[in-house]
Amino acid sequence: MNGPVRSDYPPSWYAATAVASPERPPLTSDLDVDVCVVGAGLAGLTTAREIARGGWSVALLEARRIAWNASGFNCGFVLPGYAVPIGAIIERVGRERAKELWALSEQGLEYVRTTIADADLPGVHPRDGWLSVSKSDDAEALIATVELLSDEFGAEVESWAVDRVRQTLQTNSYFNAVHFPRAFHVHPLNYALGLAALAEAAGVHVFEHTPAVAIDPQGVRKRIETPNGRVRAAHVVLAGNVHIGRLMRRLGGTLLPIWTYLATTTPLGAALGEAIAFGGAVSDGERADNHYRVVDGDRLLISGRATVWQSDPRRFAESLRGDIAALYPQLGRVAIEHLWSGVLGRTVHGMPQIGELSPGIWLASGFGGHGFNTTAMAGNLIARAVVEGDDAWRLFLPYELIWAGGAAGRAAAQIGIWWGRATSEAKARQARRREAEAAPEPARLPAARTAETPPASAAQGPDRARPAPDDPPPAVPQDVSA
Ligand SMILES: Cc1cc2nc3c(=O)[nH]c(=O)nc-3n(C[C@H](O)[C@H](O)[C@H](O)COP(=O)(O)OP(=O)(O)OC[C@H]3O[C@@H](n4cnc5c(N)ncnc54)[C@H](O)[C@@H]3O)c2cc1C
């Protein structure tokens with residue numbers, strides 16, 4: 001089932017295990033359609049597919065390859081909610097609107113689940129469950145969030161006490177956790193490639209290597225210029241994420257680009273299953289420092305070390321390995337086989353940008369680190385708006401376009417996030433200190449796997465206070481978690 005390693009995609013475990021998928025030819029002539037979608041990430045693919053399923057003609061333009069960026073190379077967590085905590089959403093739009101937004105986010109998740117199941121998409125491998133684990137001992141806040149989500153928002157969610165967490169994840173770094181049993185994880189590239197095939201089956205004309213280089217948004221028929229052909233359409237959907245800035249500079253300026261780094265280990269054997277007895281996805285820390293999951297039976301896929309500038313993923317091998325050693329020293333010094341990165345676009349308010357910018361010009365962008373369910377949601381909202389005139393997308397009107405501040409904004413964001421991360425690490429250390437003081441016995445630590453396993457401190461130390469030598473100072477967390 002697996003295709004060859006794809007040299008035009010980031011070298012990664014996903015590319016190495018991608019299903020076979022044809023390369024689509026570029027646009028080489030003029031085309032008239034009802035709707036032109038710009039960008040074939042998850043947002044553009046879902047929007048194009050759903051509009052075509054509504055009976056409209058659709059052209060989907062992709063500057064490079066389908067899902068070559070965030071959509072195909074993310075952690076693969078399909079979660080409910082948004083990149084900002086539910087409390088912040090309630091504060092901004094009120095409780096009733098927040099409930100509607102939460103329900104939409106769950107519909108996005110269910111769309112991904114049913115699309116995979118109905119089409120039996122190959123190579124996607126959905127696995128249930130998401131644990132958001134706390135590194136500090138403040139159980140009250142966590143329980144309050146669980147009660148709010150389950151009692152008032154109808155979410156399927158439960159809190160796990162520290163004993164259950166540590167029986168499941170053999171590390172003393174964690175305390176309580178929130179478990180979302182309906183969340184799941186997938187192979188994102190294979191999902192996107194499957195979605196592209198479904199879009200084509202619904203009638204979408206997909207063109208790769210076809211950047212939209214200019215748009216004339218005036219008039220009933222909008223014109224979209226590409227290097228070798230022009231598209232005329234009644235509606236245009238802009239789904240280009242941070243790269244849309246090359247086409248529309250001011251729109252690009254409303255997103256803060258954040259690169260995140262991912263790695264997969266070589267096969268780790270039975271020791272991995274003993275350390276991580278959980279088939280779902282795990283996010284840890286208040287600032288969501290690491291996200292990880294077991295793939296391919298016994299490999300660990302882990303992300304972290306995000307930056308607001310692009311960096312060579314190889315710089316992060318040692319620090320990601322250090323993260324693994326700090327959490328699970330019993331695994332010994334693991335070897336990293338694949339390393340890659342992707343860039344996400346974060347808005348100032350943290351919520352997606354969904355809506356009609358001017359008559360017939362639609363935007364689906366700014367999904368941050370929480371894009372799997374929200375791109376599916378946005379695609380469906382915009383399709384219903386275009387095809388049926390449905391105005392549910394207006395729930396996102398409070399989240400308007402705000403300039404992200406350019407270079408100064410990036411610097412400010414870095415400092416703020418760096419500070420947040422340092423604070424959260426200090427809280428984690430305090431929590432472990434309190435635990436050690438309360439218990440006369442030394443805290444239970446898993447046994448080392450091999451004699452040559454270096455002490456955890458050699459691989460960055462269990463408390464991770466010291467950054468690894470290759471760690472650029474202003475690291476930012478990835479907001480894959482809500
Ligand atoms: C490393 C990483 C890990 C993540 N992990 C998760 C996770 O586990 N769960 C989760 O929910 N979210 C996660 N996210 C976030 C999620 O992946 C993104 O929010 C989502 O994929 C964004 O989809 P998109 O379609 O908007 O953007 P993209 O995937 O970036 O797609 C946009 C496409 O538009 C194209 N394009 C841009 N401009 C033009 C143009 N002018 N003409 C033609 N084409 C154009 C680009 O080439 C690109 O292919 C992660 C993100 C990253 C970077």
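**Close-up 1. Several elements build the shell around the ligand.** In this predicted model, at least two residues of the shell come from each of α2 (42–53), α3 (70–73), β11 (256–265), β15 (336–346) and α12 (371–388). Look for G39, G41, N74, G240 and G371, which come nearest to the ligand among the 44 residues around it. Sorted by class, the shell holds 22 nonpolar, 19 polar and three charged residues.

**Close-up 2. Here is α2, a mostly covered helix.** Its twelve residues reach 16 Å from the first C-alpha to the last, close to the 16 Å expected at 1.5 Å a residue. Eleven of the twelve are buried, including L42, T46, R49 and E50. After α2 comes G55, with a positive phi near 100°.

**Close-up 3. The largest nonpolar core has 135 residues.** V35, C36, V58, L60, A192, V237 and I382 have the most contacts inside this core. Its largest share, nine residues, comes from α12. Zoom in on C36 and you will find it touching A59, L61, I224, V231, A233 and V236, leaving aside residues up to four places away in sequence. In soluble globular proteins, nonpolar side chains tend to be buried together.

**Close-up 4. These are stretches to view with some care.** The protein chain has a mean pLDDT of 89, and 89% of its residues reach 70 or more. Over residues 1–5, however, pLDDT is below 50, and this stretch has eleven contacts in the model beyond near neighbours in sequence. Residues 442–478 also stay under 50, with 81 contacts beyond four places in sequence. Where pLDDT is low, the predicted coordinates should not be read in detail.

Note on methods. Residues are numbered from 1 along each chain as its sequence is written. This is a predicted model: local features need pLDDT of at least 70, side-chain atom pairs count only at pLDDT 80 or more; totals for chains, interfaces and linings use all residues. A residue is near a molecule or strand if its C-beta atom, placed from the backbone, lies within 6 Å of it. Helices (H or I, at least four residues) and strands (E, at least two) are DSSP runs, numbered from the N terminus. Ala, Val, Leu, Ile, Met, Phe, Trp, Tyr, Cys and Pro count as nonpolar, Asp, Glu, Lys and Arg as charged, and the others, Gly among them, as polar. A nonpolar core is a set of buried Ala, Val, Leu, Ile, Met, Phe, Trp, Tyr and Cys residues joined through C-beta atoms within 7 Å. A residue is buried if 20 or more other C-beta atoms lie within 10 Å of its own, exposed if 12 or fewer, and partly exposed in between; C-beta atoms are placed from the backbone. Two residues are in contact if their C-beta atoms, placed from the backbone, lie within 7 Å. pLDDT is the predictor's confidence in each residue, from 0 to 100. The expected span of a helix is 1.5 Å times one less than its number of residues.
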